[in-house]
Amino acid sequence: MISFNAMKIDAPTGWLAKLSEGQLIDGRLECLYHGWQFEGAGKCVKIPQLPADAKIPKSACVKTYEVRDSQGVIWVWMSQKIPPNESKLPWFENFARPGFQDISTTHELPYDHSILLENLMDPAHVPISHDRTDWTAKREDAQPLCFEVTERTGRGFAGWWGREKDGSKPNFLRFEAPCVLQNNRDIVDKNGEINYFSGLFLCRPTGQGKSMLIVRFGGTKRSPIVNLFPEWYFHQNAGKVFEQDMGFLSSQNEILLKEKVPTKELYLNLKSSDTWVAEYRKWMDKVGHGMPYHFGHSTISLPKEPAVVEHAPAGIVAGLSASSPAKGGIGTMHAPNLANRYFRHVIHCKACSAAIKAFQTWKNVLSAVAVTLAALAILVSGRQWKALLLASAALCSAGVYACSTAVALNTTNFIRTHRRL
């Protein structure tokens, strides 16, 4: 089973066009390349290029897969031979607890699935790489950690971890193949009530050197201050977190493919920081034979074919991007590149797309109003009217600046600045 943020059908049409780039029309999925339309069972019901009296070939139909909605995530059963088994659906106990609330976000990332998982199960890098990102990670908190592996199976592993100086391991991590990673913690308040917190990561490969990630952070208790911030604010902060790691992880991906050796020859894994990373790569040694390729702790299996790189998106954006190829599309925001936050997150997120559209609309309206008010201030003769109109124009200009800042916040990559203790 593989997690999806929405049902995504990648079955190609007659010209190998992705249906995942299509659109829904009257409940039918339409390919944006030639306009073929498909019903829910995969039956092709319209080919505009066929003569009116011609029958649609059976071979025009596409494969369908069983999908289920569980705890707000859509899961797809990929096998065509083995009947769907709903008992295989992952169940996250904390997300079912009364009062549990979470913030979810989706990201497409330009590095391998294994690199993504390794990064997410590495708590040691957080204080350094994400220093002050959300005012909880701090450089000065980098320290030895302690780990205890309590479970090892063919499906993954689990265990407890914490800070060595605390002498306890309050955090519970579980990796379950192929795509589930959880980090849970229970906190008992002064009244003896247990509050449950979870960080859930659903990771799926989208090709060699590409991954899709659904992040869900939540708990049964959270600060009322959180409700004061819009959803897009938390999403842009999550984008910043991934950008802080992106350069390291992309280069790590390149080195693994270049050196073509097991990770034990490249990594220096410390017991006081890298236990989960070592566990993951050793797990790869056991199950890697069932994967298209893998880099384990002691074994490797190299990709048989080079990665396919998609240089441009499909759909409407492709046409618009092609209008200014020298600039990479419509300015830097729309450049078709997974290193760009717009394509990594915004196009996958309804909330952020709507927020950016709203800010751009308000920016245009306020700009027009500011120009109009400034022109009127020039024309009127009374000093009081001039002052009022100019003050109003300045206020609208401030609104334009605020809207531009909000758009940039959602679409511009984080630039690292170094801080010393």
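Strands (E, at least two residues) and helices (H or I, at least four residues) are taken here as DSSP runs and numbered from the N terminus, and two strands count as paired if DSSP finds at least two bridges between them. The model is predicted, so that local features need pLDDT of at least 70 and side-chain atom pairs count only at pLDDT 80 or more, whereas totals for chains, interfaces and linings use all residues. Residues are numbered from 1 along each chain as its sequence is written, and side-chain values use heavy atoms, with hydrogens and water left out.

Strand 4 (residues 37-38) runs antiparallel to strand 5 and is joined to it by 2 bridges; Phe38 has Cys44 of strand 5 as its bridge partner.

Another open sheet is formed by 7 strands, in the order 8-14-13-12-11-10-9, and its pairing is antiparallel. Here strand 8 (101-109) and strand 9 (145-153) are the edge strands, each pairing on one side only. Between strand 9 and strand 10 (residues 156-163), which run antiparallel, there are 8 bridges, and Leu145 stands opposite Arg163 in strand 10.

Helix 1 (residues 113-120) packs on this sheet, touching (heavy atoms within 4.5 Å) strand 8, strand 11 (171-176), strand 12 (180-188), strand 13 (194-207) and strand 14 (210-219). With axes fitted to C-alpha atoms, for helices over the stretch in contact, and angles running from 0 to 180 degrees between N-to-C directions, the direction of helix 1 makes about 165° with that of strand 13. Helix 4 (residues 275-287), by contrast, lies across strand 9, strand 10 and strand 11, running at about 20° to strand 9.
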